[in-house]
Amino acid sequence: MLLVPPTSLPEALAITSLRPPRILTNLFPRRRPAPLKDLLAGPIRGELLGAEHLGERAQDLASGQRLDTRRHRRRRTPLLARLSETRRVLEQAHARLAAASDAGADVGPAGDWLLDNYHVVQEHIGEVRESLPRGYYRELPELAAGPLAGYPRVYEIAITLISHSEGRIDLENVSGFVESFQEVASLTIGELWAVPAMLRLGLIENVRRMTLRTVQRLDELDLADAAAARIARAGEAGSESLEAELDRFAAKPPPLTPTFVARFLLRLRVEGGALPATVRLEQWIAEEALSADDATVRSTQRLALTQVVMANSITSLRAIARMDWKTFVENMSRVEAV
């Protein structure tokens with residue numbers, strides 16, 4: 001039988017700040033700030049599982065899902081709406097990061113990945129739009145309960161695999177996961193053909209979240225540099241000016257995130273003109289949030305994780321484009337097996 005394509009999220013990690021950060025109103029200049037949920041979002045990430053445990057996880061997922069059997073006049077398409085919003089977010093972020101990079105700013109390794117592979121992400125956004133029209137989307141079985149209620153069942157399959165493989169997607173782990181899932185619950189042919197689109201959506205979501213983290217980091221570095229420069233200038237103006245500036249900082253400090261704290265204290269040490277103020281501020285920040293050493297370690301870890309997730313997501317998008325999905329559907333289809 002010839003098969004042809006149909007025509008018709010709890011967050012794992014939160015921002016590493018010891019107290020709730022304020023919304024960064026300068027995320028994109030002259031544009032609306034990103035929603036707070038995006039600033040707080042971590043990658044789609046869970047415990048890394050080997051092939052055997054991935055199969056067990058797939059079976060547990062199939063056992064726990066409940067499908068919506070009600071008839072809906074017109075089903076929503078939240079993933080397609082999210083994709084349109086993601087395209088705009090990435091356009092804004094790309095422009096911001098490109099301008100910062102051209103000006104010599106440190107956009108971080110994840111920022112470099114996005115700048116070098118932005119066309120790849122855009123191609124896959126276009127591929128999802130082409131392969132997942134609204135009519136086809138609305139035919140996919142939806143979940144009736146849980147955090148993804150109202151979303152296609154196959155999307156939860158995709159992001160579960162992404163979360164437990166650190167975003168490293170290949171035909172072997174996709175086939176193994178889907179095969180294990182179907183030992184408990186069979187997927188329709190339409191769902192099997194939707195697997196590549198759902199994997200793309202999950203990986204693009206990871207790219208979005210890591211991009212926003214990268215832009216947020218850029219904002220935090222700018223805030224830290226500006227705050228350190230104000231204190232250094234006040235120190236040069238005299239002790240009275242320095243005391244006034246320190247009082248202003250303590251009364252209304254910026255969000256004391258690891259990235260801000262590490263950069264801020266580093267810049268003060270480099271400036272050198274306000275050494276007594278640096279010692280006092282370091283003690284105060286340690287009491288209010290975290291020490292300089294902790295800030296450095298945590299900001300470095302966050303930077304590394306952001307890079308790994310961005311790199312894996314983009315590499316997996318490239319891999320998905322090379323996979324033989326027709327053979328995958330033929331091998332996975334229970335109808336074809338019969």
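**Helices in contact**

Biologist: At roughly what angle do the axes of helix α2 and helix α7 cross?

Modeller: Helix α2 covers residues 51-64 and helix α7 covers residues 171-182, where helices (H or I, at least four residues) and strands (E, at least two) are DSSP runs numbered from the N terminus. Their axes come within 7 Å, an axis being a line fitted to C-alpha atoms, for helices over the stretch in contact, with angles running from 0 to 180 degrees between N-to-C directions. The axes of α2 and α7 cross at roughly 40°.

Biologist: What kind of model is this?

Modeller: Residues are numbered from 1 along each chain as its sequence is written, and side-chain values use heavy atoms, leaving out hydrogens and water. Local features need pLDDT of at least 70 and side-chain atom pairs count only at pLDDT 80 or more, whereas totals for chains, interfaces and linings use all residues, since this is a predicted model.

Biologist: How are α2 and α7 oriented to each other?

Modeller: Angles under 35 degrees count as roughly parallel, over 145 as roughly antiparallel, 65 to 115 as roughly perpendicular, and the rest as oblique. With a crossing of roughly 40°, α2 and α7 are therefore oblique.

Biologist: Which residues in α7 meet α2, and how many residues of the contact are charged?

Modeller: Taking contact to mean heavy atoms within 4.5 Å, L54, G55, A58, Q59, L61 and A62 in α2 meet N173, F177, S180 and F181 in α7. The classes count Ala, Val, Leu, Ile, Met, Phe, Trp, Tyr, Cys and Pro as nonpolar, Asp, Glu, Lys and Arg as charged, and the others, Gly among them, as polar. By these classes, the contact of α2 with α7 has 6 nonpolar residues, 4 polar residues and, for charged residues, none.

Biologist: How are helix α4 and helix α12 oriented, given their packing angle?

Modeller: Helix α4 (residues 108-131) and helix α12 (residues 292-322) have axes 10 Å apart and pack at an angle of about 25°. That angle makes the orientation of α4 to α12 roughly parallel.

Biologist: How many residues of the contact of α4 with α12 are nonpolar?

Modeller: On the α4 side the contact includes W113, L114, V120 and V121, which face an α12 set including L303, M310, I314 and L317. The residues of this contact divide into 7 polar, 1 charged and, as nonpolar, 12.

Biologist: At roughly what angle do the axes of helix α10 and α12 cross?

Modeller: Helix α10 (residues 258-271) and α12 are oblique to each other, and their contact by class has 6 nonpolar, 3 polar and 2 charged residues. The axes of α10 and α12 come within 8 Å, and they cross at roughly 125°.

**Salt bridges and the whole chain**

Biologist: How many salt bridges does the structure hold?

Modeller: A salt bridge is a side-chain nitrogen of Lys or Arg within 4 Å of a carboxyl oxygen of Asp or Glu. One of them joins the side chains of R70 and D68 at 3.1 Å, N to O. The number of salt bridges in the structure is 17.

Biologist: Is R217 buried or exposed?

Modeller: The side chains of R217 and D106 meet in a salt bridge of 2.7 Å, N to O, and this pair links distant parts of the chain, with R217 in helix α8 (residues 189-237) and D106 in the loop between α3 (78-102) and α4, 111 residues apart. Buried means under 20% relative accessible area, exposed over 50%, and partly exposed in between (1.4 Å probe, protein chains only). D106 is partly exposed at 44%, whereas R217, because its relative accessible area is 13%, is buried.

Biologist: How many residues apart in sequence are the parts tied together by E243 and R280?

Modeller: The side chains of E243 and R280 form a salt bridge of 2.8 Å, N to O. E243 lies in helix α9 (residues 239-251) and R280 in helix α11 (residues 275-288), so the separation in sequence of the parts they tie together is 37 residues.

Biologist: How many helices are there in the protein chain?

Modeller: Buried residues make up 50% of the 338 residues in the protein chain. The chain has 0 strands, and its number of helices is 14.
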